[in-house]
Amino acid sequence: MPEWTQLIRDVPDFPRPGIVFKDIMPVLGKASAFAAAIEDMARPWRELPIDAVLAIEARGFLLGAPLARALEVGLVPLRKPGKLPGILLEQRYALEYGTDALVAQAGALTPGQRVLLVDDVLATGGTLLAARALAQRLGAQIAGASVLMELGFLGGRARWTDAAPLHAALVV
């Protein structure tokens, strides 16, 4: 296993009792580990036509920005409500411990652009599916999705029915 995977820390009962939070901050805090993790996320996409990375708030931003840089493409943040000005598109979704929404600025993409969805963790798949739906509403073509880690025991991958590939740098 790559060195960076050993730095992920489990935090029990966060943000709610019964949830085990996967803390990636130790990975981000060590330059060589952070670089290796971004490279592991970028590798499958280097030869594919991608126009932009769509990074999911909040930890997806920490990975999406350097991944966009590594792939030499633009970055479009998918934000929580109340964080962006202008005309917005909103996509509501269910989490394993509640509900939430993602928003993007209308016109953030040119219709037909090929995008890579990026987040930190694939759990039950709700956030990634909401990001896919929002990207499609923006007129994007989904090139694929890349996550730092997949919590395989939660079955989120089974909900990814898109023909585009879904890559997890680490499956736990």
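Modeller: The side chains of Glu-3 and Lys-30 meet in a salt bridge, with 2.7 Å from N to O; the term denotes a side-chain nitrogen of Lys or Arg within 4 Å of a carboxyl oxygen of Asp or Glu. Glu-3 belongs to the segment before strand 1 (9-12), and Lys-30 to the loop between helix 1 (25-28) and helix 2 (31-42), so the pair ties together parts that are 27 residues apart in sequence. Helices (H or I, at least four residues) and strands (E, at least two) are DSSP runs, numbered from the N terminus. Both partners are partly exposed: the relative accessible area is 37% for Glu-3 and 39% for Lys-30. Here buried means under 20% relative accessible area, exposed over 50%, and partly exposed in between, with a 1.4 Å probe and protein chains only.

The model is a predicted one, in which local features need pLDDT of at least 70 and side-chain atom pairs count only at pLDDT 80 or more, while totals for chains, interfaces and linings use all residues. Residues are numbered from 1 along each chain as its sequence is written, and side-chain values use heavy atoms, with hydrogens and water left out.

The structure holds 11 salt bridges. Among them is the bridge between Arg-43 and Asp-40, whose closest N and O atoms are 3.0 Å apart. Arg-43 also forms a salt bridge with Glu-39, the closest N and O atoms there being 3.9 Å apart. Arg-43 is partly exposed at 48% relative accessibility, and Glu-39 is partly exposed at 28%, whereas Asp-40 counts as buried at 14%. Through salt bridges that share partners, Glu-39, Asp-40, Arg-43 and Arg-46 are joined into one network. In general, side chains of opposite charge can pair when their charged atoms come close.

The wider fold gives these pairs their setting. The protein has 4 helices and 9 strands, which run β-β-α-α-β-α-β-β-β-β-α-β-β from the N terminus on. Strand 8 (residues 141-150) is joined to strand 9 by 5 bridges, and the bridge partner of Glu-150 in strand 9 is Val-171.

Several loops have backbone details to note. In the loop between strand 1 and strand 2 (20-23) lies Pro-15, and the peptide bond from Phe-14 to Pro-15 is cis, with omega near 5°. Asp-13 lies in the loop between strand 1 and strand 2, and its phi is near 60°, a positive value in a residue other than glycine. The peptide bond from Glu-57 to Ala-58 is also cis, with omega near 0°; Ala-58 is placed in the loop between strand 3 and helix 3. In the loop between strand 6 (98-105) and strand 7 is Pro-111, which counts as exposed at 65% relative accessibility. Leaving aside neighbours within four places in sequence, Pro-111 is in contact with Leu-138 and Gly-139, contact meaning heavy atoms within 4.5 Å.

For the protein as a whole, 46% of the 172 residues count as buried. A compact globule with 172 residues would have a radius of gyration near 16 Å, and the 15 Å of the protein agrees with this; the radius is taken over C-alpha atoms, and the globule rule is 2.2 Å times the number of residues to the power 0.38.

Note on methods: Pairing = 2+ DSSP bridges.
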